[in-house]
Amino acid sequence: MPIKELEKIADDANMIVAGYSFTKNSDGYIQILNLYNPKEACVLQPDGTMIETTMDDLTVLKVQAYYLKNKEFMEDENA
């Protein structure tokens, strides 16, 4: 993935934790990308349930924990 594309993903992310970008999409799902290894990606439901992934099981558990611990920071400003 080109560096410019990674920079845009990072800039558009709702939060970044430990090198993972967390972005809420228009359907309300959370898209997670490892910025150091863009082949590792995951999609979570708002409650943290994994929908699809290219990550190994341990990494999924790690990013789910990051999300659940920090999801309050992804809330809409108007909420």
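Here are a few exercises on this predicted model, each with a worked solution.

Residues are numbered from 1 along each chain as its sequence is written. In this predicted model local features need pLDDT of at least 70, side-chain atom pairs count only at pLDDT 80 or more, and totals for chains, interfaces and linings use all residues, while side-chain values use heavy atoms, with hydrogens and water left out.

**Exercise 1: the fold as a whole**

Work out which order the elements of the protein chain follow from the N terminus, and describe the overall dimensions of the chain.

Solution. Start with the inventory: the protein chain has two helices and five strands (DSSP runs numbered from the N terminus, with H or I of at least four residues for helices and E of at least two for strands). Read from the N terminus, the order is α-β-β-β-β-β-α. Next, take the radius of gyration, 12 Å, which is close to the 12 Å from the globule rule for 79 residues, so the chain is as compact as a globular protein of that length. That radius is taken over C-alpha atoms, and the rule is 2.2 Å times the number of residues to the power 0.38. Along the principal axes, the C-alpha atoms fill a box of roughly 35 × 30 × 20 Å.

Now turn to burial and charge. Of the 79 residues, 35% count as buried (under 20% relative accessible area; exposed is over 50% and partly exposed in between, with a 1.4 Å probe and protein chains only). Finally, count 7 positive and 14 negative side chains, with the centres of the two sets 4 Å apart. Lys and Arg are the positive ones and Asp and Glu the negative ones, with His and the chain ends not counted; each charge is placed at NZ of Lys, CZ of Arg, CG of Asp or CD of Glu.

**Exercise 2: a threonine in a loop**

Identify which backbone atoms the side chain of T54 reaches.

Solution. T54 belongs to the loop between β5 (50-53) and α2 (57-70). Its relative accessibility is 54%, so T54 counts as exposed. Beyond four places in sequence, T54 touches K39, E40 and A41. Two polar pairs follow: the T54 side chain is 2.6 Å from the backbone oxygen of K39, and a polar atom of that side chain lies 2.9 Å from the backbone nitrogen of A41. A polar contact is a pair of N or O atoms within 3.5 Å; within protein, one must be able to donate a hydrogen and the other to accept it, and residues adjacent in sequence count only if both atoms are side-chain atoms.

Notes
Contact means heavy atoms within 4.5 Å.
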